[in-house]
Amino acid sequence: MSDVAWIATVDEADARDDLVAAYAECADSKTGRAAHIFRIHSLNPRSMLAHRALYRTLMFGSSPLKRYQREIIGTLVSALNDCHYLLTHHGEALRRLVDDETLVAQIKQDYTQANLDPADQAMLDYVAKLTRTPAAVSEADVQTLREAGFDDRAILDIAQITAYFAFVTRLADGLGVTLEDH
């Protein structure tokens, strides 16, 4: 087992060629190292770069969604999937953005008890349904988001962020990705 996961990973000190570039691209500005969720891709540098590009686009790119809304989606999906790795990272990011420990705890435990505005409540109801029972989502659920004030681009972003966190949960939990030591 590596210090990153249950599968072999290439340490940054041992990286060569494309992997050196991928690690450099994915390096965190604070630590200078790629997060374990990116390092899990060390055997496939192209997937590492694609993963990072998708993450950056969804979480930091242009969107009608506010940053806290993106993190609240990530935190809820992580909580519903009981993903310790993502819940730790994105729960902390949400806490920094909203500076409200109670809200973060409610999102982690039972988002329906959180003091949310009606649009955010509708958004999280959709996110919860898409996470728990994706086949049960219907056009009426999308219409509910429209009625709450979300345009189709925002709805696309909500669905994509929800799906992204479901994907990353499966990587983290399916491969035993460990939390970083910093």
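Met59 sits in helix H3, where helices are DSSP runs of H or I with at least four residues, numbered from the N terminus. The model is a predicted one, in which local features need pLDDT of at least 70 and side-chain atom pairs count only at pLDDT 80 or more, while totals for chains, interfaces and linings use all residues. Residues are numbered from 1 along each chain as its sequence is written, and side-chain values use heavy atoms, with hydrogens and water left out.

Met59 has a relative accessibility of 0% and therefore counts as buried, given that buried means under 20% relative accessible area, exposed over 50% and partly exposed in between, with a 1.4 Å probe and protein chains only. Once its neighbours within four places in sequence are set aside, Met59 is in contact (heavy atoms within 4.5 Å) with Arg67, Arg70, Glu71, His90, Ile161 and Phe165.

Helix H3 spans residues 45–60 and helix H4 residues 67–80, and the two pack at an angle of about 125 degrees with their axes 9 Å apart; the axes are lines fitted to C-alpha atoms, for helices over the stretch in contact, and the angles run from 0 to 180 degrees between N-to-C directions. H3 is therefore oblique to H4, since angles under 35 degrees count as roughly parallel, over 145 as roughly antiparallel, 65 to 115 as roughly perpendicular and the rest as oblique. On the H3 side the contact involves Thr57, Leu58, Met59 and Phe60, which meet Arg67, Arg70 and Glu71 in H4. Sorted by class, this contact has three nonpolar, one polar and three charged residues, where Ala, Val, Leu, Ile, Met, Phe, Trp, Tyr, Cys and Pro count as nonpolar, Asp, Glu, Lys and Arg as charged, and the others, Gly among them, as polar.

Tyr55 and Phe60 form an edge-to-face pair, with 5.8 Å from centre to centre and 75 degrees between the planes; rings of Phe, Tyr and Trp (its six-membered ring) pair if their centres lie within 6.5 Å, and planes under 30 degrees apart count as stacked, over 60 as edge-to-face and the rest as tilted. Tyr55 counts as buried at 16% relative accessibility, whereas Phe60 is partly exposed at 39%. The pair of Tyr164 and Phe165 has ring centres 5.1 Å apart and planes at 90 degrees, so it is edge-to-face, and both of these residues are buried. Phe38, Tyr55, Phe60, Tyr164, Phe165 and Phe167 form one aromatic cluster.

In soluble globular proteins, nonpolar side chains tend to be buried together. Here the largest nonpolar core has 49 residues, and those with the most contacts inside it are Ile73, Ile107, Met123, Leu124 and Ile158; such a core is a set of buried Ala, Val, Leu, Ile, Met, Phe, Trp, Tyr and Cys residues joined through side-chain atoms within 4.5 Å. Helix H9, residues 152–174, gives the most to this core, with nine residues. Leu124 touches Ile72, Ile73, Leu76, Ile107, Tyr111 and Leu116, not counting residues up to four places away in sequence.

Asp17, in the segment before helix H1 (18–26), has a positive phi near 50 degrees although it is a residue other than glycine, and with a relative accessible area of 68% Asp17 is exposed. Asp99, in the loop between helix H5 (84–98) and helix H6 (101–110), is not a glycine but has a positive phi of about 50 degrees, and Asp99 is exposed at 67% relative accessible area.
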